Amino acid sequence: MSTTATLDPTDRLLAERACERLIVKFVHTLDLGDPGEVAELFAEDGVWEWAEGDRRIQGRDALRSYFAGRPADRLSRRICTNILVTLTSEATATATTYFTTYRVDGYTNGYVPPRPPTQVGHYEDIFLKVNGLWLLSSRSLFLAFAGPTESLQPADKP
C-alpha cells in the first residue's frame, strides 16, 4: 500500500489545497504583486525551467533576480485552469496546470483593448513540504502556443 493511501482524507485535501493555492499565488504575485517575491514560493534550491531552450534558474537568489528583472511597464494576466494535484507522499506532490497568458509591454495606465493571448501551455510542478509549509521544488513550463510580447505605442504615435 502506498504512503499516500494511508493519509487521512482531510490531510490529503488540505495538502492538495495548499498546492493549488501555491499555483494561484505564483501567477497572482507575477501579475499583481512584486514579481521578485515569486522566489519565496520556491524551496531554497528550487528550479524554474522552460522545457524548450536553455532557460533554467535554480536557487531563491537567482529566482528573485530573474523574476524581478521583468520590465516595469509590463501588464500581464495569467489564467490558470485544469489544476490537477497528485500527492506522492506525505511531503511531496506533483501537479499539472493549464495556463493562458495575456501580456503587453509599454503599459502606462488604464485598460488595454483586447488582443490574443501571448502564451498558452501548461506547468508541471513538483512540491515539497518543508517545516510544515508547501513550496515549489520545481516548475517546468511547456508552451503549446506562443508569440512575441507586444509593445504598446505611445498614444501620440501611430
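## Aromatic pairs

Eight aromatic pairs are found in this predicted model, where the rings of Phe, Tyr and Trp (its six-membered ring) are paired if their centres lie within 6.5 Å, and where planes under 30 degrees apart count as stacked, over 60 as edge-to-face and the rest as tilted. F26 and W48 form a stacked pair, with 5.6 Å from centre to centre and 25 degrees between the planes. Since F26 belongs to helix α1 (residues 9-32) and W48 to strand β1 (residues 42-50), the pair ties together parts that are 22 residues apart in sequence; helices (H or I, at least four residues) and strands (E, at least two) are DSSP runs, numbered from the N terminus. F26 is buried, at a relative accessible area of 0%, and W48 is likewise counted as buried, at 4%, the classes being buried for under 20% relative accessible area, exposed for over 50% and partly exposed in between (1.4 Å probe, protein chains only).

W48 also pairs with Y123 in a tilted arrangement, at 6.3 Å centre to centre and 55 degrees between the planes. This pair links distant parts of the chain, as W48 is in strand β1 and Y123 is in strand β5 (residues 119-130), 75 residues apart. Y123 counts as buried, with 1% relative accessibility. Ring pairs join F26, F42, W48, Y66, F67, F99 and Y123 into a cluster.

## Basis of the model

The model is predicted, so that local features need pLDDT of at least 70 and side-chain atom pairs count only at pLDDT 80 or more, whereas totals for chains, interfaces and linings use all residues. Residues are numbered from 1 along each chain as its sequence is written, and side-chain values use heavy atoms, with hydrogens and water left out.

## Charges over rings

Two arginines are placed over aromatic rings, a charge being taken to sit over a ring if NZ of Lys or CZ of Arg is within 6 Å of the ring centre and within 35 degrees of the ring normal. R55 lies over the face of W50, at 4.0 Å from the ring centre, while the charged end of R139 sits over the ring of Y123, 3.7 Å from its centre.

## The nonpolar core

The largest nonpolar core contains 27 residues, and those with the most contacts inside it are F26, W48 and F127; such a core is a set of buried Ala, Val, Leu, Ile, Met, Phe, Trp, Tyr and Cys residues joined through side-chain atoms within 4.5 Å. At least two residues of this core are supplied by each of α1, β1, α2 (60-68), β3 (75-87), β4 (92-105), β5 and β6. The largest share, seven residues, comes from α1.

The surroundings of F26 can be listed by contact, meaning heavy atoms within 4.5 Å. Leaving aside residues up to four places away in sequence, F26 touches V38, L41, F42, W48, F67, Y123, L136 and R139.

S140 is located in strand β6 (residues 133-146) and is buried, with a relative accessible area of 10%. The side chain of S140 is joined to that of E49 by a polar contact of 3.1 Å, a term for a pair of N or O atoms within 3.5 Å in which, within protein, one must be able to donate a hydrogen and the other to accept it, and for which residues adjacent in sequence count only if both atoms are side-chain atoms. With residues up to four places away in sequence not counted, S140 touches E49, H122, Y123 and E124.

D61, in helix α2, is by its relative accessible area of 64% exposed. The side chain of D61 makes a polar contact of 3.2 Å with the side chain of R64. The C-alpha atoms of D61 and L143 are separated by 25 Å, the two residues being 82 apart along the chain.

## Cysteines

Zero disulfides are found in a search of the whole structure, a disulfide being a pair of cysteine sulfur atoms within 2.5 Å. C19 is in no disulfide, the nearest cysteine sulfur being that of C80, 14 Å away. C19 is buried, with a relative accessible area of 0%, whereas C80 is partly exposed, at 22%.

## Positive phi angles

N82 is not a glycine, yet has a positive phi of about 50 degrees. N82 is found in strand β3 and is partly exposed, with a relative accessible area of 45%. N131, also not a glycine, has a positive phi of about 50 degrees; N131 is found in the loop between β5 and β6 and is exposed, with a relative accessible area of 82%.
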